[in-house]
Amino acid sequence: MKPVPLIKFCQQRPLLVVLIGAITIAIVKAVFDGLRMEENFISMGNDDIMRLVMVRDWMAGQSWFDTRQYRLMPPEGVLIHWSRYIDAGIAAFILPFSYFLPMEKAELIGAAIWPTAILILTLLVVGFGTKRIFGPIAACFAVLCTILWPLLSDLHSQAGNLDHHNIQVLMMVIFVYAVVWPDRPIAAGIAGGLAAAFALSTGLETLLFIVAGGIVLFGRCVFDPRPETQRLMVAFCLALAAGSLAFWLGLTSPALRVMPVCDQLGTPMLSVITIAVVATLLPLALRNRVPGWTFQVGATAFLTVIGIAVAWPLLGPCLRGPYGDLPPELQEMIATRITEAKPFPIYIQTHSAAALAFIIPVITALTTGFFLWWSRRGASGTGQTENAILGQLLLLGVFGVGLLFLQMRTVYMVASVVPAIGGLCLTVLLNGYLQTRHLAKAALLFLVAIGINAPQLVLAPLWPATKGSPTQREGAKCRNYETLLALNEVPPAVILNSTNMGAPLLWVTHHSTLAAPYHRSPDAFMNGVLGFDLEETAFENLAREQGATHVLLCAGQTYVSDFLTGLAAGDVSVAWLRPVPLSNDEQLLFALQD
């Protein structure tokens, strides 16, 4: 048998070639980033570092159901509302290396592999999913969008990104393809329902987008009432309900299962899922007896209202959101100082390059996709045609854009539809050019390709502005692995520090901290932000009330408080704070005196 020439192989298997290239890029990038993990991981987000601390504690013997961080606000600690399933995935990569490497090295290797593995899975789902609904060439463009667009390949997929957002991106991609899948309805429904359930078990940020996907799927079932569509809906609903219940039981301690919580999968969210499933499936079961879409829609709406009324004691308190019980000043601080919590119009004012790099592919794909859908709207065909799939993806995309006006962090949800839409649009533009060879069509193809796949090429002059990290707020030398290690020269202490130093202290040192940005403890949140706005008398009262034994400052750092700024510059000394000698000059540690 003659070997297949490389060119012929590329022509016959374009998607496979593109996937191999994209996965290679992901692996090479992870290797280079991994080689610098020891110096770079400390500059990751607080949640990434805190996640690794939680994984370390669990591997050291902390209970699966006990997600309390005891060195944050000791001695009671703070209950962190995170999924142990993510911890288990990360630990699965750390454990094998820990047998022949120091744990610190094994942790960093695992932290590099985990997000890379999630990115590779995302590439495979995007590639083969788009191939099934739009063809192999569209799939190639979709994969290129995924690996080149910083939002998907960089923001949550760098070595060290351990927060749950990358797994939620993967789950939303699976969910989106399941909603529009044209065949194998039972398998698609189960996959979509389990993906939605797992996404909710890792965080409720995806809730509104899942609701939107459910509405699109419900619309398919109402206006395309074929048996295949109905089976898809039934399979999705049952998988969502069963998966949510199973994931909740696996995460929640039996002693806490009766406690209603609004910031993670709990009884309020399970009641919402139950209402949605019953309100969807009961009218569907009766549709053969009462034909017509008006009955199905009306009955579903009626049952939904009745269900919400019955469950209102559980649902009512959750309408205020996860921050509803926090002090007003802390709510204002989160809305104004936490970057990812800002709405898009506010976010773009201070992070223009990043905002444009994230939003240009969304706008380009949705605009081009709408014109393509409009031009084909009169084409014949019934059922889940290519244009019907495009229309459903556009609906999800528009809803995702709306979420950006609530919080910028939701941008990765709309990103789940962009590669598929962009892949189809670029395929149509490419075919149009190949048929005519017009220069104008070539220029349009080029512009749309840049807009969807790599807007950072156009934004290159602004791009360095997007690389801000917590180290810039704290000073790169202060939040540094080697310099933080010097704090271990001091016996274990309870340290009052600014917010972005809390998680690094827990990871690098043996000390406890009184400040980290987690809303389950308003005190921990306020201590490190609003606390460092206080002048001397109020700051001393705070330190003593919170049980601090030491105060940590970054040398030369400018704080809102003039007192702390002067103390950090060495221009101020007070009797109640005794300087503690350290072997580095980047941090200033003070012991409280009676």
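**Group meeting talk: a chain of helices and strands**

Good morning. Let us begin with Phe 141, which touches Gly 423, Leu 426, Thr 427, Leu 430 and Asn 453, leaving aside residues up to four places away in sequence. Please keep in mind throughout that this is a predicted model.

Where does Phe 141 sit? Its place is in helix H7, which covers residues 136–148. Is Phe 141 buried or exposed? Phe 141 has a relative accessible area of 17%, and because buried means under 20%, Phe 141 counts as buried. As for distance, Phe 141 and Pro 75 are separated by 66 residues in sequence, while their C-alpha atoms lie 53 Å apart in space.

Among residues beyond four places away in sequence, Thr 410 touches Leu 403 and Leu 404.

Let us now consider the chain as a whole. Its secondary structure amounts to 28 helices and seven strands. Of its 594 residues, 53% are buried. How does the radius of gyration of the chain agree with that of a compact globule? For 594 residues, such a globule would have a radius near 25 Å; the chain has 26 Å, which agrees. Along the principal axes, the C-alpha atoms fill a box of roughly 85 × 60 × 50 Å.

Contacts deserve a word as well. Among those with a separation of 6 or more, 71% are between residues 24 or more positions apart. The accessible surface is about 25,900 Å², and carbon and sulfur atoms account for 67% of that area. On the matter of charge, the chain has 35 positive and 37 negative charges, and their mean positions are 19 Å apart.

Five of them form an open sheet in the order S4-S3-S5-S7-S6, with mixed pairing. Why is one side of S4 and of S6 left without a neighbour in the sheet? Strand S4 (512–513) and strand S6 (577–580) stand at the edges, and each has a single partner strand, so one side of each has no neighbour there. Strand S3, residues 494–496, pairs with S4 in the parallel sense over two bridges. Within this pairing, Ile 495 has Thr 513 in S4 as its bridge partner.

Thank you for your attention.

Terms used:
Residues numbered from 1 in each chain as written. Predicted model: local features only at pLDDT ≥ 70, side-chain atom pairs only at ≥ 80, totals over all residues. Heavy atoms only, no water. Helix = DSSP H or I, 4+ residues; strand = E, 2+ residues; numbered from the N terminus. Rg over C-alpha atoms; globule rule 2.2 N^0.38 Å. Buried < 20%, exposed > 50% of the residue type's maximum accessible area, 1.4 Å probe, protein only. Contact = heavy atoms within 4.5 Å. Areas by Shrake-Rupley, 256 points an atom, 1.4 Å probe, with all protein chains shown as cover. Lys, Arg positive; Asp, Glu negative; His and termini not counted. Charge placed at Lys NZ, Arg CZ, Asp CG, Glu CD. Pairing = 2+ DSSP bridges.
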